[in-house]
Amino acid sequence: MKRAGLVIFVVTVFAAFGLGGCGKQEEKKPKVEARPAKTEVQVRKSTTPVEVPDSVKGHWKAVKISVRDKDAGTEEVYTVDIGHSFELPGAGITFKVNAFLPHFVMDGRKLTSMSNDTRNPAVQVEIKENGKMVFDGWLFSLYPNTHAFKHPRYTFSLVDYIPAEGKKG
């Protein structure tokens, strides 16, 4: 009978502390579902009219756009003529430069340039990914984070501007 009492005691101890757990309960880990990386971006479209003053028209040939690949940790600078596009090699991204305003201001209900001096350089761009518009807005040289285009892999910055031949910027 002593043996039966010992068996009951051992079973009670194991039940109280958990079988093989020495008093520790197994932690329940929350289920984590794998989600695909978000690749869709928000389109920001400028609806305010842009007016390039006569004092600026024809004075600027191109802009230099820095493209940083966050995944690869690389950066390339591309020169794009105003009014033209370029395709980012191997990315399916097309970048079009619509207008350059050397002294960007919002004048009432339009976007324009106060002068031809580079006091607040800005470039109006359209960015398409696989043919779909993902950004229609402005990049600012002095304020690169203002209305910055957010892309999961790339960042774009206005880094320089090139005057037209025979013109002084």
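Here is a walk through the fold, from the overall layout to the strands and then the packing inside. What you see is a predicted model, in which local features need pLDDT of at least 70 and side-chain atom pairs count only at pLDDT 80 or more, while totals for chains, interfaces and linings use all residues. Residues are numbered from 1 along each chain as its sequence is written, and side-chain values use heavy atoms, with hydrogens and water left out.

Let's start with the layout. Along the sequence the pattern reads α-β-β-β-β-β-β-β-β-β. Of the 169 residues, 32% count as buried; buried means under 20% relative accessible area, exposed over 50%, and partly exposed in between, using a 1.4 Å probe and protein chains only.

Now to the strands. Three of them make an open sheet in the order β2-β1-β9, with antiparallel pairing; two strands pair if DSSP finds at least two bridges between them. β2 (74-81) and β9 stand at the edges with a single partner strand each, so one side of each has no neighbour in the sheet. Eight bridges join β1 to β2, and V67 has E76 in β2 as its bridge partner.

Elsewhere, β5 (residues 104-107) and β6 (residues 110-113) pair antiparallel over four bridges. They form a hairpin with two residues between them, and G108 in the turn has a positive phi of about 70°. D107 stands opposite K110 in β6.

What about the inside? In soluble globular proteins, nonpolar side chains tend to be buried together. The largest nonpolar core here has 24 residues, of which I65, F95, V123, I127 and F156 touch the most other members. A nonpolar core is a set of buried Ala, Val, Leu, Ile, Met, Phe, Trp, Tyr and Cys residues joined through side-chain atoms within 4.5 Å. β1 (60-69), β3 (85-88), β4 (93-101), β7 (122-129), β8 (132-140) and β9 (154-163) each supply at least two residues of this core. Apart from it lies another core, of six residues, including L101, F104, A122 and F140.

Take F95 as a close-up: beyond residues up to four places away in sequence, F95 touches I65, H84, S85, F86, V125, E126, I127, L139 and F156, where contact means heavy atoms within 4.5 Å.

Finally, look at Q124 in strand β7. Q124 is buried, with a relative accessible area of 11%. Leaving aside neighbours within four places in sequence, Q124 is in contact with V50, K96, V97, N98, A99, D136, G137 and W138.
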